[in-house]
Amino acid sequence: MTDGGSAVSTDEPTLLSNVSDEFLGSLLFWLPPFLLMGFFVYGAIGWNFVISLTETSGFGGVDYSQLDIEQYTRAFGDPTFINATTNTFVLLITFTAVCLAIGLLLAIMMDRKLRFDNGFRTIYLLPMSLSFVVTAQFWLWMYNYDNGLINIIISSLGFSKYQWISNPDLVLSAVIFALVWQFSGYAMVVYLAGLRAIPQEQYEAARTDGANTLRLYQRVIIPQLKGATISASVVLMVFALKAFDFLYSLTGSYIPPKGSDILATMMVRQAFRINNQAYAAAIGIMLFALALAIITPYLTYQHRRGEL
Amino acid sequence: MSIHERASDGRQLLLYGVLVALIGFYLLPIEIGLMTSLKMNPLSTAPFLPPGLDGFTLEKWRQAFSQLANGLFNSLVLAIPATILSALLGSTAAYGLTTLNWRGQMPILVLFIAGIFIPYQAVLIPLSKFWAVYLPLDELLQTVWGLPMLEPYHGDLLALIISHVAYGIPITTLLFRTYYRNFSVEMIEAARLDGATPIRIYWRIILPLSVPMFAVTLIYQFTQVWNDLLFALVVVGPGEGAPVTVPLSQLGASLSEIGFGVRMAGAFIAALPTIVVYIMFGEQFAKGVAT
């Protein structure tokens, strides 16, 4: 634009006053929700951080006079914390990866002008609408030693039965399987939307180049699903971080089955059962840091693509 | 769009076969739960088989209902206002940050959206301290709880409603923002040239056009609030004010295997509102999660 110089300079004053008018007019709409949300989200995180620097435990008030990072150093020497962190990462990564793989396969199958595709989608997504508390009840029964479906299936295949929930070596895999059941339909919906956004010409172009179906997916389609993969993984990881409700419901207490303790359950137990509030606050802050490490690149990526 | 060419009949058949088998995978745990809830003895037959005529009972449903009825009522009192309020606030926030376009709104918007991904463990201790020590509504509003039909534990429920509204705002804002971005700029400009104020534009143009997105948001948010356990435990705890997820998580825990019938019946009773909403509005739910 070479001829726009004078136009811009004359427009500038009105543009500026428009901007501030627009800003003032908008305050009424976003400021009240912002204050409410900001207080409970960011205010609470800040307060939580300060509590994590104290020595608070028990039911008394918080003594803010001496602040240090002792709770954090304590965590790294605590085998329970190390174990919960390992389990958190195993859960996060395995659950997300398996959900994405199943979701992608399902979406590719569904993306073929099927009849009843809405019906299939509704059913695959149904478990996601259920509470973790509800699905935990269903899966406790599925994993039951005597008459659970899982043991019925494996013993009909000639294997011996397992104590899925009370065996510390098996319980995390059992939980991951149940969560995959609940959320793989979600990954399918995200991938299906991604697939349907790919222009038809690209399929045809690849076809005329003589690509077979496998190569078509490898070269043309999968690379274009990058955006869908990123958003689905972020959301799935957040769900995995919230698996507290599921684990709590397996036992109905703050102590999850042995072998399935994650940071989310450990934090709540330290806070509301053992009353180590400062320690629990520190674990909460570390979970927050973990979430931040996941969402910061995601939001930056979305912002660059203009999709925020 | 999708692949247009149809596969051969054999492959088409195979595809449908796989998709139908997957229906089994996703529905079997639910079907087994239903069958088990209707059996006198959950161990008597294979879990997926329906009860025989002599083994059929509705007793488990009756027992579960009597233990959950109070919680169901609390959940309704909680979820309906919390859902409506967070949808409304999300809509106004998205309007103020999307349709009304001003410089510097992006950082504010990022703060809203980042709020979706906060692990609640990072706010639980301040949240419980705030409601228990600094703003104990059950004590502060004692005169209100003296009114007929109201009890002090409604103070805890009110605290839980406000918490759910606050933590629901980020996702509802994002849902409405993705919707408002596609509104035509000309339409808003035309209204503005006619001298309409931002309030009038919101009330006369944006809000009426938002009805489909309200459906999506209300359904999604209702499911979220209804299904929550963590906030319910921390803000209200077990007792008279507890939403249904709290007693459900305890149901039958002491009864070992015989208790599974009651557990399954309870799971269905607690899930019924969300299942009904889902069956009626599955399309909107899918839209909500896909955003």
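The model is predicted. Over all chains, the whole structure holds five salt bridges. Three of the residues involved, Asp111(A), Asp117(A) and Arg196(A), are linked in a network. In chain B, the points taken up are a helix crossing between α2(B) and α7(B) and a buried lysine, Lys39(B).

- Asp111(A) and Arg196(A) form a salt bridge in which the closest N and O atoms are 3.7 Å apart. Asp111(A) belongs to the loop between α3 (79-110) and α4 (117-125) of chain A, while Arg196(A) belongs to helix α7 (residues 171-196), so this pair ties together parts that are 85 residues apart in sequence.
- Arg196(A) also forms a salt bridge with Asp117(A), and here the closest N and O atoms are 3.2 Å apart. Asp117(A) sits in helix α4 of chain A and Arg196(A) in helix α7 of chain A, so the parts tied together by this pair are 79 residues apart in sequence.
- Asp111(A) is buried, at 0% relative accessibility, whereas Arg196(A) is partly exposed, with a relative accessible area of 32%.

- Another salt bridge joins the side chains of Asp261(A) and Arg269(A), at 2.8 Å from N to O.
- Asp261(A) counts as buried at 8% relative accessibility, and Arg269(A) counts as buried at 10%. Both values fall under the 20% limit for a buried residue.
- Arg269(A) is one of the buried residues of α12(A), which also include Leu263(A), Thr265(A), Met267(A) and Gln270(A).
- Helix α12(A) is mostly covered, with nine of its 10 residues buried.
- Within chain A, the buried residues of α12(A) pack against α3, α10 (226-241), α11 (244-251) and α13. They also pack against two helices of chain B, α4 (124-134) and α11 (230-236).

**Helix α8 of chain A**

- Helix α8 of chain A spans residues 200-208, and its buried residues are Gln200(A), Tyr203(A) and Ala206(A). Viewed down the axis of α8(A), these buried residues fall within an arc of 135°, so they line one face of the helix.
- Glu201(A) and Thr208(A) are exposed on the other side of α8(A).
- The buried residues of α8(A) pack against two helices of chain A, α7 and α9 (213-224).
- Gly210(A) follows α8(A) and has a positive phi, near 85°.

**Loop residues of chain A with positive phi**

- Phe116(A) has a phi near 60°, which is a positive value in a residue other than glycine. Phe116(A) is in the loop between α3 and α4 of chain A.
- With a relative accessible area of 61%, Phe116(A) is exposed.
- Asn275(A) likewise is a residue other than glycine with a positive phi, near 60°. Asn275(A) is placed in the loop between α12 (263-272) and α13 (277-304) of chain A.
- Asn275(A) counts as buried, at 13% relative accessibility.

**A helix crossing in chain B**

- Helix α2 (residues 59-99) and helix α7 (residues 153-180) of chain B cross at roughly 40°, and their axes come within 5 Å.
- The crossing of α2(B) and α7(B) is right-handed. The residues in the contact of α2(B) with α7(B) comprise 19 nonpolar, 11 polar and one charged.

- Lys39(B) lies in the loop between α1 (9-37) and α2 of chain B.
- Lys39(B) is buried, its relative accessible area being 1%.
- Leaving aside neighbours within four places in sequence, the residues in contact with Lys39(B) include Ser44(B), Thr45(B), Ala46(B) and Pro47(B). Also among its contacts are Leu49(B), Pro50(B), Pro51(B), Gly55(B), Thr57(B) and Lys60(B).
- From C-alpha to C-alpha, Lys39(B) and Glu59(B) are 9.0 Å apart in space, and they are 20 residues apart in sequence.

Conventions: Residues are numbered from 1 along each chain as its sequence is written. Chains are lettered from A and ligands numbered from 1 in the order in which they are written. This is a predicted model: local features need pLDDT of at least 70, side-chain atom pairs count only at pLDDT 80 or more; totals for chains, interfaces and linings use all residues. Side-chain values use heavy atoms; hydrogens and water are left out. A salt bridge is a side-chain nitrogen of Lys or Arg within 4 Å of a carboxyl oxygen of Asp or Glu. Helices (H or I, at least four residues) and strands (E, at least two) are DSSP runs, numbered from the N terminus. Buried means under 20% relative accessible area, exposed over 50%, partly exposed in between (1.4 Å probe, protein chains only). The arc is that of the directions from the helix axis to the C-beta atoms. Contact means heavy atoms within 4.5 Å. Axes are lines fitted to C-alpha atoms, for helices over the stretch in contact, and angles run from 0 to 180 degrees between N-to-C directions. A crossing is left-handed if the near helix is turned anticlockwise from the far one by less than a right angle, and right-handed if clockwise. Ala, Val, Leu, Ile, Met, Phe, Trp, Tyr, Cys and Pro count as nonpolar, Asp, Glu, Lys and Arg as charged, and the others, Gly among them, as polar.
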